[in-house]
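Please consult the sequence and the coordinates alongside the text.

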Amino acid sequence: MDALQMATAERTDLADLLATLRPEQWEAPSLCEGWRVRDVVAHVMSFDVSLLGMSRRAIRGRIVRTNQAGVDELALLSTDALLDKLRAHLRPQRLAAAFGGRLALLDVTVHHQDIRRPLDLPRDIPVERLRLVLDCSLRSLELPTWRIARGVRLVASDLDWSHGSGPEVSGPAEAILMAITGRPCAAGELTGPGRPVVAARLAH
């Protein structure tokens with residue numbers, strides 16, 4: 001299965017979750033500051049845009065609010081309409097399909113957890129997807145991963161995956177992913193002499 005197929009499968013899993021949520025869960029806060037669950041879903045869908053469309057959005061959002069501008073475009077949709085839109089676009093398109101689908105896979109996997117964690121709805125991410133997403137996150141220029149993971153050795157306790165050198169930080173692969181992509185709540189699930197380094201970087 002390639003990255004684009006994995007991204008399609010991950011979007012399908014997200015849609016299946018969303019179909020089970022109650023109205024108040026759609027309005028619940030996610031791990032993304034200032035965004036409800038419905039806003040995160042809108043953000044996931046906002047990546048299916050052309051480069052020109054993204055450029056126009058960046059202008060409207062004055063660069064730093066580009067992501068918010070994408071969410072705002074879908075703000076008037078009902079939750080049913082958001083879910084229908086996701087179901088109609090399970091296979092990433094245009095900009096979301098860049099880099100063989102790796103961009104979409106990274107985005108939807110992390111945001112899927114941004115929704116699940118506050119709702120206390122854990123899951124087991126398929127190992128093949130999780131390993132690729134961890135690798136992709138370390139190459140992302142948009143995420144704080146390079147800064148958080150610098151100078152430590154990350155070791156997944158439930159997956160044959162490790163990265164870097166320095167004091168060790170270990171824990172479940174999903175918790176490592178969420179921590180290095182900037183989610184402070186995951187730091188408490190990590191252990192090892194390098195954990196204070198990661199925790200301090202997440203606090204700033």
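Predicted model: local features only at pLDDT ≥ 70, side-chain atom pairs only at ≥ 80, totals over all residues.

In which hand of crossing, left-handed or right-handed, does H1 pass H6? The crossing of H1 past H6 is left-handed.

**Helices H1 and H6**
- Helix H1 covers residues 3–18 and helix H6 covers residues 79–88; their axes come within 10 Å and cross at roughly 155°.
- Angles over 145 degrees count as roughly antiparallel, and H1 and H6 are therefore roughly antiparallel to each other.
- On the H1 side, the contact is made by Arg11, Thr12, Leu14, Ala15, Asp16 and Leu18; H6 contributes Leu83, Leu86 and Arg87.
- By class, the residues in the contact of H1 with H6 are 5 nonpolar, 1 polar and 3 charged.

**Helices H7 and H8**
- Helix H7 (residues 102–116) packs against helix H8 (residues 127–139) at an angle of about 105°, and their axes are 9 Å apart.
- This angle makes H7 roughly perpendicular to H8.
- From H7, Arg102, Leu105, Leu106 and Thr109 take part in the contact; they meet Arg129, Leu132, Val133, Cys136, Ser137 and Arg139 of H8.
- The contact of H7 with H8 divides into 5 nonpolar, 2 polar and 3 charged residues.

**Cysteines**
- Cysteine 136, one of the H8 residues that meet H7, has a relative accessibility of 7% and counts as buried.
- Cysteine 32 is likewise buried, at a relative accessible area of 11%.
- With a disulfide taken as a pair of cysteine sulfur atoms within 2.5 Å, the count comes to 0 disulfides.

Technical notes:
Residues numbered from 1 in each chain as written. Heavy atoms only, no water. Axes fitted to C-alpha atoms, helices over the stretch in contact; angles between N-to-C directions. Helix = DSSP H or I, 4+ residues; strand = E, 2+ residues; numbered from the N terminus. Parallel < 35°, antiparallel > 145°, perpendicular 65-115°, else oblique. Left-handed = near helix turned anticlockwise from the far one by under 90°. Contact = heavy atoms within 4.5 Å. Nonpolar A, V, L, I, M, F, W, Y, C, P; charged D, E, K, R; others polar. Buried < 20%, exposed > 50% of the residue type's maximum accessible area, 1.4 Å probe, protein only.
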